[in-house]
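Subject: Structure handover

Hello,

Here is the structure I promised. Please open it first, then read my notes below.

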Amino acid sequence: MPDVTTEASHPLYVPLTVPQTAGPRRRRPPAPPVPALRLAPGRLRTGIVAGAGAVGLLWGLQARPSARLDVLFASGAHLTGLLGGYGVLVLLLLMARVPAVEHGVGADRLARWHALGGRYVLGLIAAHAVLALCGHAVHTHADLVTATGDLLSYGAVAAATAGTALFAAVGITSARSVRRRLRHETWRAVHLGALLAAALGFVHQLAGPDIAGGLLTRWLWSMAHATVAVLLLWYRIVVPARAALRHDLRVAEVRDEGPGVVSVLVRGKGVDQLRAEPGQFFRWRFLRRGLWATALPFSLSAPVRDDTLRITVKALGDHTRRVRRLRPGTRVLASGPFGALTAHRRTRRKVLLLAGGVGITPLRALFETLPGGPGDVTLLYRASDASAVVLREELESIARERRAALHFLLGPSDGSFDPLAPRALRNLVPELAAHDVYLCGPPAMARAATASLRRAGVPASRIHSEDFDHA
């Protein structure tokens with residue numbers, strides 16, 4: 001155990017600080033991969049809004065002003081239908097795993113946008129259905145039940161109704177209260193139904209007056225759907241399959257790191273071609289019983305070296321417990337890399353890495369590789385006690401060799417003293433407001449730490465985090 005100093009500033013909080021003394025020089029870390037193309041979040045938002053504006057313009061050019069009630073209902077149905085169809089394309093694009101989007105925006109932010117957008121899209125689809133039904137009932141002077149039966153006699157409307165039911169199932173199973181009760185495989189299977197729902201909706205749209213009315217409109221709408229379909233097929237099926245054949249990834253070693261924690265070393269051919277950056281993660285599919293059906297998101301806990309990828313996993317559920325029982329030689333399918341918690345987000349010379357629990361894994365890789373001189377990089381690691389600290393010896397070695405600051409913030413989360421309070425953070429990290437902050441940890445800890453950092457003067461634009469629960 002390297003020599004450390006211990007300071008008991010509070011009976012329930014013990015910070016352990018590694019002295020910043022120079023140690024023996026070690027080999028230089030591998031050169032970072034060639035930066036990938038990245039689409040900034042602002043540009044993606046602008047593109048989405050511009051697309052919605054173009055859809056609204058399409059509706060406006062075809063609208064016929066009228067004070068008749070049935071025409072007003074029909075106009076509203078056309079607008080909500082077009083926006084709903086466009087929204088479905090946006091939702092699929094956000095989850096297509098396009099590298100430029102994933103690396104620039106971040107998987108967790110994309111997942112949040114997808115969840116928020118899904119609510120709006122479901123609302124638009126429901127409004128479209130209600131407005132179309134009311135418009136038809138007024139136009140034909142029929143009651144709602146008769147109008148419903150009449151509309152369902154049209155094949156395109158029946159297809160849209162089936163698609164709406166599938167979208168509703170996806171929305172219901174995505175609610176937190178429901179999702180917590182479902183197996184991940186069940187939730188994933190229901191979500192795949194959204195692809196069929198999108199196809200059924202496309203059939204309905206091509207039969208509608210807004211799209212079918214003009215050759216150019218029909219061609220543009222079809223090309224938009226075809227483009228999204230190709231992106232989904234390419235990046236979610238073809239690219240992972242090609243990578244599996246090219247790199248032949250297999251488990252090389254499973255190494256105990258502490259109570260309930262293991263590191264899995266995965267070796268393959270030409271792994272550097274994956275262009276994985278410290279801070280990123282892959283979705284791992286281990287081809288053994290109990291694991292092959294689920295892609296598990298784990299971040300790299302070390303830079304890529306010698307065609308070897310390393311992840312560090314804590315047993316928190318059935319799947320992560322099975323990872324501990326992997327055997328060398330097990331075939332691995334890895335999709336990625338994903339995530340935007342990388343060096344490209346850095347805007348300041350001084351950097352604070354703030355980790356909680358197993359959230360240390362991406363930050364450990366950044367701790368080793370982020371450029372900087374003595375004192376430029378600081379790592380704060382929050383854990384309940386010393387036994388919960390993961391990769392401690394590696395972190396201490398990196399701190400000494402880089403002459404970087406390392407503090408273990410040990411103590412119960414419900415203690416009377418909060419080591420992540422604004423004043424405590426400012427005491428540990430001089431000039432905290434001038435730092436970039438990389439944050440990764442359990443959701444509750446990350447939310448509390450973000451609030452403390454903001455109160456301590458760190459701008460939100462310089463707090464970089466990624467929640468892998470949403471990835």
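Arg364 is buried, with a relative accessible area of 6%. (Buried means under 20% relative accessible area, exposed over 50%, and partly exposed in between, using a 1.4 Å probe and protein chains only.) This is a predicted model: local features need pLDDT of at least 70, side-chain atom pairs count only at pLDDT 80 or more, and totals for chains, interfaces and linings use all residues. Residues are numbered from 1 along each chain as its sequence is written, and side-chain values use heavy atoms, with hydrogens and water left out.

Salt bridges

Arg364 forms a salt bridge with Glu394; their closest N and O atoms are 2.7 Å apart. (A salt bridge is a side-chain nitrogen of Lys or Arg within 4 Å of a carboxyl oxygen of Asp or Glu.) This pair links distant parts of the chain, 30 residues apart: Arg364 is in helix H12 (residues 360–369) and Glu394 in helix H13 (residues 392–402). (Helices, H or I, of at least four residues are DSSP runs, numbered from the N terminus.) Glu394 is partly exposed, at 22% relative accessibility.

Glu253 pairs with Arg255 in another salt bridge, at 3.2 Å between the closest N and O atoms. Glu253 is partly exposed at 32%. Arg255 is partly exposed too, at 30%. The count comes to 13 salt bridges.

Helix packing

How do H2 and H4 pack? Helix H2 (residues 69–94) meets helix H4 (residues 107–140) at an angle of about 155°, with the axes 7 Å apart. (Axes are lines fitted to C-alpha atoms over the stretch in contact, and angles run from 0 to 180 degrees between N-to-C directions.) H2 and H4 are therefore roughly antiparallel, a term for angles over 145 degrees.

Surface patch

Leu216, Trp219, Leu220 and Met223 form a nonpolar patch on the surface, with about 440 Å² of accessible area together. (Patch residues have over 30% relative accessible area and no salt bridge; nonpolar side chains are joined within 5 Å. Areas come from the Shrake-Rupley method with a 1.4 Å probe.) Met223 sits in helix H10 (residues 215–247). Met223 is partly exposed, with a relative accessible area of 39%.

Best wishes

Notes
Patches are made of residues with over 30% relative accessible area and no salt bridge: like charges are joined within 9 Å, nonpolar side chains (Val, Leu, Ile, Met, Phe, Trp, Tyr) within 5 Å. Helices (H or I, at least four residues) and strands (E, at least two) are DSSP runs, numbered from the N terminus. Angles under 35 degrees count as roughly parallel, over 145 as roughly antiparallel, 65 to 115 as roughly perpendicular and the rest as oblique.
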